[in-house]
Amino acid sequence: MRRLAPMTVLLFITGSTTIYLAKAFFWDYDFWFDAFAYFFLTLGMFLKNRVGVFLSLTLACWTDERAVIALASVYLFHLLSESDFELNSFLQFQGKKEWLQKTSSTVLLAGIFYLIIRILLSTLFNLHTPTGAGSGVELGLVPYQFKHRLSGVFLAFEGFWILYLFAVGLLIKKGNTLLSLLMLFLMAGHILVAYAVFDISRSLTYAFPLLIISAFIIGKQEVRNTKYLYLAAATICVLLPTQYVIFYPRQIPWTILSFEELKPVIKLLFLQ
């Protein structure tokens, strides 16, 4: 948060402490170790030393596979950091030798290194991640999840969606089509991954680097009275209780949009 005003940082941190992103550091529902992955991803964004970035992001990937998806957002963050948060064309990154010396290239190296080791482990020791029907990781879950767990999109970040949408809106207004599309596509990818698994909240929370990017984009545009924008975002986060949205309906009956899912819960309450 070196580029942001102190009040902005304070409000951002205040909001973060009341959503799953920060609560994961204190409440580990079932030994998921999300806090470690979030920490290593954040460290990989903060550091400028290439060795430090590589080690941090590698540790994040081996903590949870969702961090591998988040590398795309971390990569975008470093690209923007190296260009003072201006990205109008990928042509501005011409010059392979110069690019390979930048921190952003280290993010790609960390991802490639992880994938190579993962493929070797799968080939040599038959260590495969379960996927497909019955595994809890399949694209077939997406239609059902969107129909019955759509609230999970909002509840993952709550008020911080204001910052993300405002930043994308600023980019569109400025005519920066490339960066606005990248922001939208990356978030769409995170949402798709989140709804292809059982635990929606923790999966979508791995998109938090896009929130940090949004904050820097807003700061770069020098919009007036942004503290009120952050105040609104933080207030929503504070006032809304953290809801951990997961596939199983009886664990989160207050967050489900489908009455069909609620009926057995209501019957159970009255029978007692």
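Colleague: How far apart are the end C-alpha atoms of helix α13, residues 208–220?

Modeller: They are 19 Å apart, which agrees with the 18 Å that 13 residues should span at 1.5 Å a residue. The expected span is 1.5 Å times one less than the number of residues. Helices here are DSSP runs of H or I with at least four residues, strands are E runs of at least two, and both are numbered from the N terminus. This is a predicted model, where local features need pLDDT of at least 70, side-chain atom pairs count only at pLDDT 80 or more, and totals for chains, interfaces and linings use all residues. Residues are numbered from 1 along each chain as its sequence is written, and side-chain values use heavy atoms, leaving out hydrogens and water.

Colleague: Is α13 mostly covered or mostly uncovered?

Modeller: Mostly covered, with 11 of its 13 residues buried. Buried means under 20% relative accessible area, exposed means over 50%, and partly exposed is in between (1.4 Å probe, protein chains only). Among the buried residues of α13 are Phe 208, Pro 209, Ser 214 and Ile 218.

Colleague: What comes just after α13?

Modeller: Glu 222, which takes a positive phi of about 55 degrees.

Colleague: Other topic. How many cavities of 30 Å³ or more are there?

Modeller: There is 1, and the largest cavity has a volume of about 40 Å³. A cavity is a set of points on a 1 Å grid over the protein atoms alone where a 1.4 Å probe fits but cannot get out. Points are joined across faces, edges and corners, and the volume is the space filled by probe spheres set on them.

Colleague: Which residues line the largest cavity?

Modeller: Ile 217 is one of them, and the lining also includes Phe 85, Leu 171, Lys 174 and Gln 221. Lining residues have an atom within 4 Å of a point. Ile 217 is also one of the buried residues of α13.

Colleague: Now Gly 44. Where does Gly 44 lie?

Modeller: In helix α3, residues 34–46. Gly 44 is buried, with a relative accessible area of 0%.

Colleague: What does Gly 44 touch?

Modeller: Not counting residues up to four places away in sequence, Gly 44 touches Val 53, Ser 56, Leu 57 and His 78. Contact means heavy atoms within 4.5 Å.

Colleague: How many helices and strands does the protein chain have?

Modeller: 15 helices and 0 strands. Of its 272 residues, 48% count as buried.

Technical notes:
1 Å grid on protein atoms, 1.4 Å probe; cavity = no way out; pocket = protein on both sides within 12 Å on 5 of 7 lines; lining within 4 Å.
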